[in-house]
There are 2 protein chains.
Amino acid sequence: MSLVVVGSVAYDGVATPAGRVDRMLGGACTYISLAASYFTPVSIVAVVGEDFAQEDAGLLASRGIDLEGLQRAPGKTFFWAGVYSEDMNDRETLATELNVFADFRPDLPASCRSKPYLMLGNIQPALQRAVREQMSGARLIGGDTMNFWIEGQREELLQTIAGWDFLLINDSEARLLSGERNLKRAAAAIRAMGPRILVIKRGEYGAALFHDGGAFSLPGYLLDTLKDPTGAGDCFAGGFIGSLAERGVTAETASPADLARAVVYGSVMGSFCCEDFGVGRFRTLTRDDIERRFQEFRRLTAF
Amino acid sequence: MSLVVVGSVAYDGVATPAGRVDRMLGGACTYISLAASYFTPVSIVAVVGEDFAQEDAGLLASRGIDLEGLQRAPGKTFFWAGVYSEDMNDRETLATELNVFADFRPDLPASCRSKPYLMLGNIQPALQRAVREQMSGARLIGGDTMNFWIEGQREELLQTIAGWDFLLINDSEARLLSGERNLKRAAAAIRAMGPRILVIKRGEYGAALFHDGGAFSLPGYLLDTLKDPTGAGDCFAGGFIGSLAERGVTAETASPADLARAVVYGSVMGSFCCEDFGVGRFRTLTRDDIERRFQEFRRLTAF
């Protein structure tokens, strides 16, 4: 069933121990929608500048992604550049040029407003809330956030996530948001803020899921090659909600097994993302590859 | 089937964000043997000083641990003190007083030499090798090491582990030993050094197992309360080899399922260890508690 993805479409410059690319397609909305497109029809709501390449729009379209909500504005596309640490678990931001993204006011096309699934990439909490209000009939709604909003717009963020079914967040941000170091206690505190389904992403170490029916924990996939972790968390989000949307799972019907499977699909998509720079891996990735890795996760974790 | 454990019996002083104990029973041999004692008969080979308390020997004896190989020497028992970081993932050593441990020359009682299982706690590689040579008929042999020996006695260590069936090591040490950052490549390099069964411990993030039949990965247990991680890696080792010894699994017969179960039992024992200071948790822990947590791991990871 159809999914709306809202967030940034950007150009990134990335340096990792495995190499360097000065300018390539990136942005949370891009990664989420590419990953989700393997599971379900996706419409994106985002803004790009006059410099946005036809080739990049073409990649999204080639994955069947609906671009009606992709606004084009005068000016340049959002640009981010960063450099990763030796172990790629940390990164330093070298440049953040908001450009046309500074004035992004997501206005959903009429065709999007009645869709059942909504994934809000990491943007200003007030904008996330405004989108959510335009999709009052959606049946599974959630999003991502980051330390910048947790620290700088906490009240706004709390109002926003109060209306979500799920939140995806990394472990350091979960600790920051909850004020709890212990992951179980952090999860309980965050779930009390609204989102009954919580996924705490732990990078190379995997992910933990907390919901009314209990908890689920998955170790990280052991990669043969790690080239660039940029976008892995967003691809996780795309695999997570995409696989739920594919099977028509809603906030009301989601079972522990549905949610655990979604976490595995999220991890599968995040792991593929790291195998090449930027969105490179999605140029060749197939659904068969995804199913093979899902089964590999089963073998890797069964006892 | 009977297990011999060789290593340090010590007194520790530990400060963590959850509290502080100035002097308590510790040491790798202590933790390994206590954890393993829930699964199989254990004999220890270690040395203590004149200050070693009857109460502490009594705790080991109460778990059925054979103390014939526990030498008493003139002087004081090995003492270590350290303070943990806020997240308890790092620690700083404040004191290392080798005392009687400086002259420890493990000499196995005749009753130990024919036992089938041997776990070598983290001591000088040459001593580990000397013990291994006293147990030429053992059917499953392995041990632990640390950065101090990897950096300082590399050749000696390589000769030593070449004769082991399994090696337990943490992730930063696996990288140091192999020179590989990627965990799969690090594992392949280390397995080529001798131990066909390799467990890479990742602290709160779980553990990964590599063997001829493939790989297995387990996330960390989500603790309600973390008081003191001292000894968790050694308790992992005790649960790992103890559960294999209980079922008579040898280097020749070990199946992927046997080894995966052993990693889960290792993780169970490591997780209990962290719930109290020092060996405190083992004063009340029962085999039923262990089985319940094993099943909890199943529920936490099944999909």
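Through which surface do the copies meet, and why can one say so? Please walk me through the helices of chain B as well.

A: Happy to take you through it. Keep in mind that this is a predicted model. The copies meet through the same surface, because 96% of the interface residues of chain B are also interface residues in chain A.

Now for the contact itself. On the chain B side, 25 residues are in contact with 25 residues of chain A. Four elements of chain B each supply at least two residues to the side that touches chain A: α8 (183–191), β13 (214–218), α10 and α11. By class, that side of chain B holds 14 nonpolar, four polar and seven charged residues.

Two of those elements, α10 and α11, also pack on each other within chain B. Helix α10(B) covers residues 256–273 and helix α11(B) covers residues 287–301; their axes are 10 Å apart, at an angle of about 115°. The crossing of α10(B) past α11(B) is right-handed. From α10(B), the residues B:Val264, B:Tyr265, B:Ser267, B:Val268 and B:Ser271 take part, and they meet B:Ile290, B:Arg293, B:Phe294 and B:Phe297 of α11(B). Sorted by class, the residues of this contact are six nonpolar, two polar and one charged.

Helix α10(B) has another partner in α9(B), residues 232–246. Here the axes come within 7 Å and cross at roughly 145°, and α9(B) passes α10(B) in a right-handed crossing. The α9(B) residues in this contact include B:Gly233, B:Phe236, B:Gly239 and B:Phe240, while those of α10(B) include B:Arg261, B:Ala262, B:Gly266 and B:Met269. By class there are twelve nonpolar, seven polar and two charged residues in the contact.

Stepping back to the whole chain, chain A has eleven helices and 13 strands. Its radius of gyration is 18 Å, close to the 19 Å that the globule rule gives for 303 residues, so chain A is as compact as a globular protein of that length. The C-alpha trace of chain A spans about 50 × 45 × 35 Å along its principal axes, and buried residues make up 52% of the chain. Of the contacts in chain A between residues at least 6 apart in sequence, 68% join residues at least 24 apart.

Most residues other than glycine have a negative phi. A:Met88, however, has a positive phi near 60°, and B:Met88 has a positive phi of about 60°. In chain A, this methionine sits in the loop between β6 (79–84) and β7 (91–97); B:Met88 is in the loop between β6 (79–84) and β7 (91–97) of chain B. A:Met88 counts as buried because 20 other C-beta atoms lie within 10 Å, and B:Met88 is likewise buried, with 20 such atoms within 10 Å.

Definitions and conventions: Residues are numbered from 1 along each chain as its sequence is written. Chains are lettered from A and ligands numbered from 1 in the order in which they are written. This is a predicted model: local features need pLDDT of at least 70, side-chain atom pairs count only at pLDDT 80 or more; totals for chains, interfaces and linings use all residues. Two residues are in contact if their C-beta atoms, placed from the backbone, lie within 7 Å. The radius of gyration is taken over C-alpha atoms; the globule rule is 2.2 Å times the number of residues to the power 0.38. A residue is buried if 20 or more other C-beta atoms lie within 10 Å of its own, exposed if 12 or fewer, and partly exposed in between; C-beta atoms are placed from the backbone. Axes are lines fitted to C-alpha atoms, for helices over the stretch in contact, and angles run from 0 to 180 degrees between N-to-C directions. A crossing is left-handed if the near helix is turned anticlockwise from the far one by less than a right angle, and right-handed if clockwise. Ala, Val, Leu, Ile, Met, Phe, Trp, Tyr, Cys and Pro count as nonpolar, Asp, Glu, Lys and Arg as charged, and the others, Gly among them, as polar.
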